[in-house]
Amino acid sequence: MNGCPHLSAFKASKGTAPFRIIHSNFVFCATSETRKRKARICLCHTCHEVKPRLHSCLYCVFFGCYGAKHIHEHARAKKHNLALDLTYGAVYCFSCKDYVYDRELDEMNKEQESLASKSLGVKLYPLTPWDPTETEIELLHSHRKRRRVTGQSTIGLRGLINLGNTCFMNCIVQALVHTPLLRDFFLADRHNCQMSERSRQCLVCEMSRLFQEFYSGVRTPHIPYRLLHLVWTHARHLAGYEQQDAHEFLIAALDVLHQHCKGQNGISSNNPHHCNCIIDQIFTGGLQSDVTCQSCNHVSTTIDPFWDISLDLGPTEAIPTNSNYTGSGSDSNGSFANLDEPTSLTMCLKRFTRPEHLGSSSKIKCSNCHSYQESTKQLTMKKLPVVACFHLKRFEHSTGYHKKISTFVSFPEELDMTPFMSSSRSNNNGFVNQVIQESATSLSSENKYSLFAVVNHSGTIESGHYTCFIRQHKDMWFKCDDHLITKANGMDVLNSEGYLLFYHKQILEYE
């Protein structure tokens, strides 16, 4: 079935050769030569930039931006009413003002995609095929802005080619691409680049292109060479083909993204310490530090922003206890006690938020009694981020000594952060004496999180490999191993070793 009369007339006059040429050279590149050619010349002929949703005119050699309307201007000026979306491989008709479906071109699309897949020599998790019925095609024409996405849809799943020890980058990219609010931001073309017109140094622009690539429906693995180049440019400590730390890459990527998009936003009204760019809106939380003087019980409080929480896995050091402290490791006479290595995420968070005696060698000058006194420090969550990332510190580095901690740490699919909030700690005559108040009721809805991505590291500290589990829908999990995407189940995820754990807040608060 032909999509529209304008497309039918074009095919009758020129055949399908223009489609095949553009598909093989700029949509599904089956050879290294065509991939290099696409990277070199595939940019808008008006603004001379590589932007998302680039379109190619079917009548002449012209590439134009869809978002900036450069392809629209060309169509009006030259009266060339058909263009091919180089991301989706779909035909746009400027006369009909919509994308049009054509069965013959769709088959050619699949053929070119298959050739590219064989050229790369990779095995892909097959996407659910769709052969539309006549009724479905009529519905699509009646409701042109609708697209068919079912509960079993795998759109958004796409492998990433390893460019030489870049698995640390690939797994973080998979986690970010499947972060719901970040996905919604980029697919809505919300980014307004503040850099110079010809600059290609904006990491946010590249992430926008990356999201378009992932959610285009293309099944061949993506080659993230532009992203790697920008990371090397802006985070030089990650440059080169040596093995890198995925956690270090995550923090560097968030920092550069924050720097490149904060220029278009003002300071947040409720938190003057960070801007309201999309990175801060999603990933930034507030960590409260309460330092209590043991002489006068004066409490000094500071609140610092954080993007992630790093949790120790090694044996705990001795901690002070007293008859009022009921932490798991205290005894009845208030002596020092030791805790074992943590075996769950909850236990790690309990250790992170319990009071810590700073000792006689770390006295702090009290602002109340104006003298150096021993003190107790406690960390709690003042403000929870939309996405909570927990870093399990599996790599231990000391002078001449490096090792990996492979202790199994269990983590839940649903996590309640209420016990670790600043509002949940209890005081006794001004002295912070209890860290955790176990919730006697069901999980608190406003502080409840769901797991959506897990980054794992296999191997040793000297030689290892990163993979990532991501959640596609509520009960659909997939394992991302560079270019290879395979289906997984919940138990595969929960039984994995776990290095970076990504949780998304279930209920969002609007300001």
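A: A residue is called exposed when over 50% of its relative accessible area is open, and buried when that value is under 20%. With those cut-offs in hand, and keeping in mind that this is a predicted model, one can turn to helix α1, which covers residues 5-14 and in which Leu7, Phe10 and Lys11 are buried. Seen down the axis of α1, these buried residues fall within an arc of 95 degrees, so they line one face of the helix. The face turned away from that buried side carries Pro5, Ala12 and Ser13, which are exposed. After α1 comes glycine 15, and its phi is positive, near 75 degrees.

The setting of this helix is a protein with 14 helices and 23 strands, in which 49% of the 511 residues count as buried. Among the contacts between residues at least 6 apart in sequence, 66% join residues at least 24 apart. The protein exposes about 24500 Å², and carbon and sulfur atoms supply 50% of that area.

As for confidence, the pLDDT averages 77 over the protein, and 75% of the residues score at least 70. Over residues 122-133, however, the pLDDT is below 50, although this stretch has 31 contacts in the model beyond near neighbours in sequence. Residues 143-149 also stay under 50, and for them the model has eight contacts beyond four places in sequence. Where pLDDT is low, the predicted coordinates should not be read in detail.

How values were computed: Residues are numbered from 1 along each chain as its sequence is written. This is a predicted model: local features need pLDDT of at least 70, side-chain atom pairs count only at pLDDT 80 or more; totals for chains, interfaces and linings use all residues. Side-chain values use heavy atoms; hydrogens and water are left out. Helices (H or I, at least four residues) and strands (E, at least two) are DSSP runs, numbered from the N terminus. Buried means under 20% relative accessible area, exposed over 50%, partly exposed in between (1.4 Å probe, protein chains only). Contact means heavy atoms within 4.5 Å. Accessible areas come from the Shrake-Rupley method with a 1.4 Å probe; for residues, only the protein chains shown count as cover. The arc is that of the directions from the helix axis to the C-beta atoms. pLDDT is the predictor's confidence in each residue, from 0 to 100.
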